[in-house]
Structures are given as structure tokens and as C-alpha cells.
Amino acid sequence: MTPIRMAVPNKGRLEDPTASLLAQAGLRYEKTDRALSVPVRGANVELLFVRAEDVCELVADGVAALGVTGLDLVMESELGLDVVCELGYGNCTLTAAAPNASEVAGVEDFAGLRIATSHPRSTSRFFAGKGVDITTVPLTGSVEVAPKLDVADAIVDLVSSGSTLLVNGLRPVVTLLESEAVLVATADRRADGGDTARVVTMLRAVVAARRKRYVLMNAPADALPLIEEIIPGLDAPSVVPLAGSDHVAVHSVVDADRLWDVLPRLEAAGASGILVLPIEQMIP
Ligand code: AMP
């Protein structure tokens with residue numbers, strides 16, 4: 001059976017985290033500098049290495065069954081692709097910003113302005129939705145210097161730390177979109193013997209696992225009610241009696257970003273020998 005193709009970014013910010021995601025999902029391949037497409041070892045999948053900007057088009061055209069790219073590019077493409085899964089990296093916001101010296105303070109203040117952006121469709125859509133009349137100045141790079149060059153009065157650009165805005169004398173005014181890397185497919189997925197679904201399951205399993213930790217501990221049996229309160233209901237712990245002791249071993253899955261709150265409370269509740277382990281893959 002012909003392999004299903006997945007388009008992934010071959011350069012830029014999404015390249016390395018996407019490679020880590022594929023590796024953790026067990027999709028192993030040998031990448032050479034020049035190869036545009038490579039087979040995945042032991043799976044009926046071929047990877048197409050392309051620019052993040054081209055992923056949506058290749059998926060929409062049916063060249064690739066799946067693609068990894070930024071949500072901002074999916075929205076900008078207006079190709080009606082399905083976001084199958086959010087991948088938890090490449091986080092940034094599509095932000096409208098104005099020069100520090102300008103009086104622009106809210107959405108309405110952009111009325112009549114020229115806005116430089118590499119996301120002209122998303123920008124037009126956003127301001128039209130707010131009933132604010134603007135003109136876009138489409139640029140593919142260095143958007144943030146446009147106001148200095150008097151090519152535009154304001155910009156809409158991707159922002160993560162905000163430091164690029166700062167060094168260019170710009171301040172964020174309004175967020176158009178929260179973006180992150182996503183897995184996309186066409187709405188009408190073709191029959192492929194289940195290969196696409198298998199890849200989706202494996203990638204989802206990694207993304208879910210990255211947000212969780214496996215926590216093991218020993219605790220006095222009478223501390224269990226309190227421990228179950230600290231570790232919330234959905235992730236009900238496994239409890240194993242310890243031979244010849246009034247202690248039990250407790251195993252549970254906890255949100256990674258809740259450990260800060262949970263661990264000291266478990267210790268205070270009498271738990272000891274607490275171990276926190278990463279999870280490779282998880283299918284809830
Ligand atoms: P690149 O290939 O490096 O131009 O980046 C492609 C994608 O990376 C963008 O479309 C965004 O989805 C994502 N990204 C994440 N953070 C940023 C950022 N601060 N600036 C630009 N792109 C970002």
C-alpha cells in the first residue's frame with residue numbers, strides 16, 4: 001500500500017521541536033540534507049520536509065494526508081483545514097502593535113491606518129470583524145521596521161517574548177490570535193487502511209504525555225483519603241498494600257504544571273519516597 005505522507009517544517013522555529021515530537025512518537029527516519037522526502041522506518045509513512053508556509057497548501061491539495069505547521073499559517077491560508085491536534089510548542093501570538101509615540105490604544109484606534117503584516121488575510125478578517133477600516137501592507141519579512149521606514153503606521157506580527165517589538169520602538173495593543181504548532185488534515189480524510197489514524201494516535205499520545213508526570217509514593221494507609229483529595233478524581237490513584245506494613249504504595253498521573261502545588265501537600269499529608277517520572281506516551 002502506498003505510504004501516507006506527512007508534511008513537516010524543514011527549517012525555522014518549528015523544525016527542531018517537530019523532530020523531537022516525531023522521535024518521541026517512534027517515527028524514526030534518516031534525514032539527509034538534500035532529501036525532500038524520507039520514509040519512516042517500520043511504518044507506512046513518508047515525511048515531506050517543506051517550509052512551514054507550504055504545509056497547508058500541500059495538505060489541502062492532497063499531496064500530504066497530514067501536516068505540522070503553525071495555527072497562524074492555518075488561519076492565514078483560509079483553506080478550511082481541520083486542526084486535528086494542538087502540539088504544545090511554537091507558542092506565539094499574532095499581535096497588532098503601534099509605535100510607542102502613537103496614540104493608538106485600542107482596536108478602534110487602528111481605523112484608517114496602514115498595517116504592515118505577513119498575515120494580511122488574518123489582519124483584514126480581524127479588523128473587518130470589528131468594523132474597523134484599515135489598509136494592509138503585505139510584507140514577507142522585517143515587518144517590525146515598516147513604521148520606521150514610513151511604509152506603514154502599525155504592524156500585525158507574531159510575537160513570543162515581545163523583545164523584537166521593544167527594540168523597534170513598538171508596543172503591543174491587541175491580540176488577534178493565540179498560535180501554536182498544530183497537526184492538520186483535510187476535512188474529508190481519504191481511506192488509507194488506518195495509517196493516518198495511527199500517526200494521529202501516536203502524536204496525540206506524546207502530546208498528552210508531555211503534560212503529565214507519573215508520581216509514585218509510599219504513605220500511611222490512613223493518609224489515603226487526604227492524598228486522594230490532593231490528587232484529583234479523574235486521575236484516580238492505584239493503591240498497592242505494602243507487605244507487613246501499615247503503609248501503601250500510591251501511583252498516579254498528575255498534571256506537570258500542578259506538581260508545584262501537589263508535591264509539598266503530599267509530603268505534608270505523610271507521603272514519603274515520592275518519585276516523579278516522565279511519561280513517554282499516554283492514551284487516556
Ligand atoms: P519560521 O519558519 O521560523 O518563520 O516560523 C514559522 C512558525 O513558527 C510561525 O508561523 C509560527 O507559527 C511559529 N512561531 C513561534 N514563535 C514565533 C515568533 N516569535 N515569531 C515568528 N514565528 C513564530
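Author: In this predicted model, 40 residues line the largest pocket, and E53, D72, S118, H119 and L158 lie nearest its centre. A pocket here is an open set of points on a 1 Å grid over the protein atoms alone, where a 1.4 Å probe fits and protein lies on both sides within 12 Å along at least five of seven lines; lining residues have an atom within 4 Å of a point. The space in the largest pocket is about 1200 Å³, counted as what is filled by probe spheres set on the points, which are joined across faces, edges and corners.

Residues are numbered from 1 along each chain as its sequence is written. Local features need pLDDT of at least 70 and side-chain atom pairs pLDDT 80 or more, while totals for chains, interfaces and linings use all residues, and side-chain values use heavy atoms, without hydrogens or water.

Two or more lining residues come from each of α2 (55-60), α3 (71-77), α4 (120-129), β9 (154-159) and α5 (163-167); these are DSSP runs, helices (H or I) of at least four residues and strands (E) of at least two. The largest share, four residues, is from α3. By residue type the lining holds 13 nonpolar, 17 polar and 10 charged residues, with Gly counted as polar and Cys, Tyr and Pro among the nonpolar. Domain 1 (4-90 + 181-209) and domain 2 (92-179) each give at least three residues to the lining, the bounds being from an automatic or database assignment.

For polar contacts (N or O pairs within 3.5 Å), a polar side-chain atom of D72 is 2.5 Å from a ligand oxygen. R13 places a backbone N or O atom 2.9 Å from an oxygen of the ligand, and S160 has a polar side-chain atom 2.6 Å from a ligand nitrogen. The ligand alone exposes 480 Å², of which the protein buries 81%, by the Shrake-Rupley method with a 1.4 Å probe.

Definitions and conventions:
Polar contact = N/O pair within 3.5 Å; in protein donor to acceptor, adjacent residues only side chain to side chain.
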